[in-house]
Amino acid sequence: MRSLLVGFTLAVMCIPAPTLAAQKVELSIDASKTGAKIDRNIFGQFAEHLGHGIYEGIWVGSDSKIPNTRGIRNDVVGALKAIKVPNVRWPGGCFADEYHWRKSIGPQRSVTLNPNWGGVTEANTFGTHEFMDFIDQIGAEAYISVNVGSGTPQEASEWLEYMTAAAPTTLVKERAANGHPTPYKVALLGIGNESWDCGGNMTPDYYVSQMKIYSRFVRNFNPAQQDKQQMLKIAVGPGGDGPRWTDWTETVMKAYQQHTWSWDINGLSMHNYTVVHWPPSYTSVGFGETEYSQILKSTLEMDGLISKHSAIMDKYDPDKKVALIVDEWGGWYAPLPGSNPGFLVQQNSLRDAILAALNLNIFARHADRVRGANIAQMINVLQAMIITDKAKMVLTPTYYVFKMYVPFQDATFIPVTFDAGRYTHGDVALPRVDAIAAKDTNGKLWLEITNLDPNEPVEIEAGLAGITAKSASGETLTAPKVDSVNTFDAANTVVPKPISATVQAGKLTLKLEPKSVTVVSVER
Ligand code: AHR
């Protein structure tokens, strides 16, 4: 359908050509041909107790001079509301498998350690109630990862009873005494995190035996979640594409195929960072076209990885009942000089905006199987939406991509056919453009087009069938350099701007700036 590998011409290869006329790319969209729903959960976020992700990023405490509501900073809540975060995965990450929920409820909090991330102390002032208050303030749902590595099924099942039960048990009375008489909703439950590594170094078979026990006993008692809105249980899945990872997916999915009435899973997690090689050495700012093109090449490997694991899942689950949930993804670069290396602090550039758009488009094209994803991580850690420093806050280029993609949440995928052309730099060859289309819940047609080429504009001519189009309008995100960033002093270097588009005789035309992400809607 998409011929990404064609359209390669010698002229494009040999001439740097900033002075050449814009390249032309033709797209063909038939709005009457629809695909799967793009689950809004692919726009999920991940917030781990890591560096300043939670403390300072979300939680400042009610005594803080930073404006807050019950300790949760108002500026961050306002920004996150605008991108309609569907769910937040918490408390980890590796942290989750060393987290003991009782230490962070009630008036007396235990101070513990965070050995995974910088070896700092964990005040536990942000616990279950504070997390639930936070997601309520931003309008998101809870994706709770329970501790399989160093916890017990009893600890996890009691946590779920504490959070979700309505009957007057001792735990429910304790929750009420701590300020929340009504049950919390838990939409998603992660049964461990990276159990093949930081989550306990388990073999696939050992993990499956644990997963069955947790699936059986870690129940959601919320009366509103018994028939509709049932909690989805997500098993640990692969973290790469070699035999180690395909074996893992095989083992979990084979067990799923043979599951009995007493246990079930609804999702398989997958983690895939864009890192090129470990330890992460690419810098997050101060790089050029070589690193830009290499990182984008690496990020496009997400597509093959999803296809590989989806094919295994198809063998055991042809009806696609089990979702693939890419609950950790994003660019992972070298820590910023002077930062605590355990805090995973990095800048966020225009390159990250393009990386995010490419991944979101991959998820959308796999919408029949990929029904959830969580970018790592929401604030101050890795590929963040938001960076804070005490009272200051800045929104990143990635944040603006998530904002531009809001109309794609729960929209219906519409296939786009195009010859992507080719952008080359050194020995890296990439598709010049990428694109997806979808019809939103009100029936409006939306189109996203990314121009990966950092040097040349692209003229888009999109044939629109199955719709009588009258006009189109939208926004584009670009900046002077591939490593342009927003800072506290210059917060508007990478922000979306309006773009003009023309519709005539069933054809949409618009010109894309080099290295840009563009979203347009079509009026009928
Ligand atoms: O996101 C940082 C870490 O990356 C997570 O804690 C872990 O799950 C993964 O290895």
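Visitor: Which residue in β27 stands opposite Ile 449?

Guide: Thr 518 in β27 stands opposite Ile 449. Before going further, please note that this is a predicted model, in which local features need pLDDT of at least 70 and side-chain atom pairs count only at pLDDT 80 or more, while totals for chains, interfaces and linings use all residues. Residues are numbered from 1 along each chain as its sequence is written, and side-chain values use heavy atoms, with hydrogens and water left out.

Visitor: How many bridges pair β21 with β27, and in which sense?

Guide: Strands of a sheet pair through backbone hydrogen bonds, either parallel or antiparallel. Strands here are DSSP runs (E, at least two residues; helices are H or I, at least four), numbered from the N terminus, and two strands pair if DSSP finds at least two bridges between them. Strand β21 (residues 445-451) pairs with β27 in the antiparallel sense over 7 bridges. Strand β23 (residues 471-477) also runs antiparallel to β27, joined by 7 bridges; there, Ser 473 has Ser 521 as its bridge partner.

Visitor: How many residues of β27 are buried?

Guide: Buried means under 20% relative accessible area, exposed over 50%, and partly exposed in between (1.4 Å probe, protein chains only). In β27 (residues 516-523), 7 of 8 residues are buried, and the strand is mostly covered.

Visitor: In what order do the strands of the open sheet lie?

Guide: The order is β17-β1-β22-β26-β25, 5 strands with mixed pairing. At the edges are β17 (416-418) and β25 (502-504), each of which pairs on one side only. On average, neighbouring strands are turned by 25° against each other, direction ignored; the axes are lines fitted to C-alpha atoms (for helices over the stretch in contact), and angles run from 0 to 180 degrees between N-to-C directions. Strand β1 (residues 23-30) runs antiparallel to β17, with 3 bridges joining them. Leu 27 has Phe 418 in β17 as its bridge partner.

Visitor: Which cysteines form a disulfide?

Guide: A disulfide is a covalent bond between the sulfur atoms of two cysteines; the criterion is a pair of sulfur atoms within 2.5 Å. A search of the whole structure finds 1 disulfide: Cys 94 and Cys 198, with sulfur atoms 2.2 Å apart. Cys 94 lies in the loop between β5 (87-90) and β6 (112-114), and Cys 198 in the loop between β9 (188-191) and α6 (204-217), so the bond ties together parts that are 104 residues apart in sequence. The torsion about the S-S bond is about -90°, and the disulfide is therefore left-handed.

Visitor: Is Cys 94 buried or exposed?

Guide: Cys 94 is buried, at 11% relative accessibility, whereas Cys 198 is partly exposed at 26%.

Visitor: Which residues have the most contacts inside the largest nonpolar core?

Guide: In soluble globular proteins, nonpolar side chains tend to be buried together. A nonpolar core is a set of buried Ala, Val, Leu, Ile, Met, Phe, Trp, Tyr and Cys residues joined through side-chain atoms within 4.5 Å. The largest has 121 residues, and those with the most contacts inside it are Leu 80, Val 88, Phe 134, Ile 144, Trp 329 and Phe 363. Helix α10 (residues 350-365) gives the most to this core, with 11 residues. Apart from this core lies another of 29 residues, including Val 433 and Ile 499.
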